[in-house]
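Here is a briefing on strand pairing and helix packing. Please look at the sequence and the model first.

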Amino acid sequence: MLEFFSASTRMANPQRAIAECLEVALGDAHHDCDLVIINASIGHQLGELIVQTRAQCPHARIVAGSCAGVIGREGVSESMKDVALMAIRGRDFAVAHVDGLNGHNSRDKAVALATALKRASPGINMVYLIVTGIDVAADQVIAGFDSILGAEVSLFGATSGDNNRGLVTFQAVDERVFERAAVAVGFCDTTLEVDTHATHGFVATGEPLVVTRSDGHLIHELNGRPAAAEYLGRLGLAMTSSLAESGPIGALAERLAPVQALAYGNEHVLRAVFRWDADGTLYYPVTCQEGTPLWLTLRDEERIFSDLDRMLAVMSRHARGRKPVAMFQADCGARGRLLFNRVLKEELIQRLQHPFSTDFQPPPWLGMYGFGEFARLQGTNYFHNYTSALAAIYRRQGT
């Protein structure tokens, strides 16, 4: 039976950061855990954090991902050197990874990854996933997992991020650090179940951009023109603009099917663009068919909070009076300091954590500001951008 413990810190020194987190999470028994999952802002070197974790937890498996900030039960932090971790006791899990993942081989790599997990533990009933964040077709990652583990096995987690520059993201397993990997933890504790949801609160606006030439996740033309120039031009930006300039205002809305929209509470799912080439090619995070209309969007602050409350109400009904044994959160990097001022951002996180807390104390909580989020939509595994995505892990009733 798995047990979960968490902590986070803004400590810049890697040795002190890991020591503090493990001591806060596990107390005097900080050497006693079987798995450590680390989220770390891009200013930290994952390799250094892993060395320190290995010294403290010599027998534990270690999984890590880079991000633009962390979220823990202590709150939210977006400095260049944040660390948050989830320490887990128990052996009901498997860890696997694949390297060399990109947008064109995402499905094949996911099939290999899911196959390795299933081989290690046939009873996997939920998967925590960290995937390279810039060049990926996340819908194909999901398709690969569903084909091996079955669509009923929930995926949650994120695509890893950097400090919203879109240059490089990192993933790690034990002592190995990668830039283009997918890392998965498959949980096979039969006493556990997971409930995952995501919400964004943006609205589509104006006339859509129409995809007129694409290849998988690469969009070459919008409205018959080079895609990047057309997209950035609509935002009032030049081709030389940075992701920090385009990210907060550049969410693209893709229309959902009516039944999906009803479950989501919004007619559109959002998509983020983290890279474009000089020839005008946009790197879309999922497969995009020619003829797809894409709308620019506006942030609706009131709707962000009302949609969040709607999601929490749904999750409360699903909880049936239980409190989670652990929470995993994935937020888009643009929903942090690039979108909200500090007061609003902290209010958002407090509103998220309160319904799951006991005596005002959140359960073990691990979150990151990454580049995209995995959470179910209308009962199927799905990929989101610009959302707050939660995975609540509960003990099954009667166990």
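Predicted model: local features only at pLDDT ≥ 70, side-chain atom pairs only at ≥ 80, totals over all residues.

Residues are numbered from 1 along each chain as its sequence is written, and side-chain values use heavy atoms, without hydrogens and water.

**Sheet**
- Six strands form an open sheet in the order E1-E6-E2-E3-E10-E11, with mixed pairing. Strands are DSSP runs (E, at least two residues), numbered from the N terminus, as are helices (H or I, at least four); two strands pair if DSSP finds at least two bridges between them.
- The edge strands are E1 (3–9) and E11 (176–178).
- E1 pairs with E6 (residues 83–89) in the antiparallel sense, over seven bridges.
- Serine 6 has methionine 86 in E6 as its bridge partner.

**Helices on the sheet**
- Helix H1 (residues 14–26) packs on the sheet and touches E1, E2 (35–41) and E6. Contact means heavy atoms within 4.5 Å.
- The direction of H1 makes about 140° with that of E1. Axes are lines fitted to C-alpha atoms, for helices over the stretch in contact, and angles run from 0 to 180 degrees between N-to-C directions.
- Helix H2 (residues 46–56) also packs there, and its direction makes about 150° with that of E3.

**Strand E15**
- Four of the five residues of E15 (residues 218–222) are buried, so the strand is largely enclosed by the rest of the structure. Buried means under 20% relative accessible area (1.4 Å probe, protein chains only).
- E14 and E15 form a hairpin, and glycine 216 in the turn has a positive phi of about 65°.
- E15 and E16 form a hairpin too, where asparagine 223 in the turn has a positive phi of about 55°.

Notes
Buried < 20%, exposed > 50% of the residue type's maximum accessible area, 1.4 Å probe, protein only.
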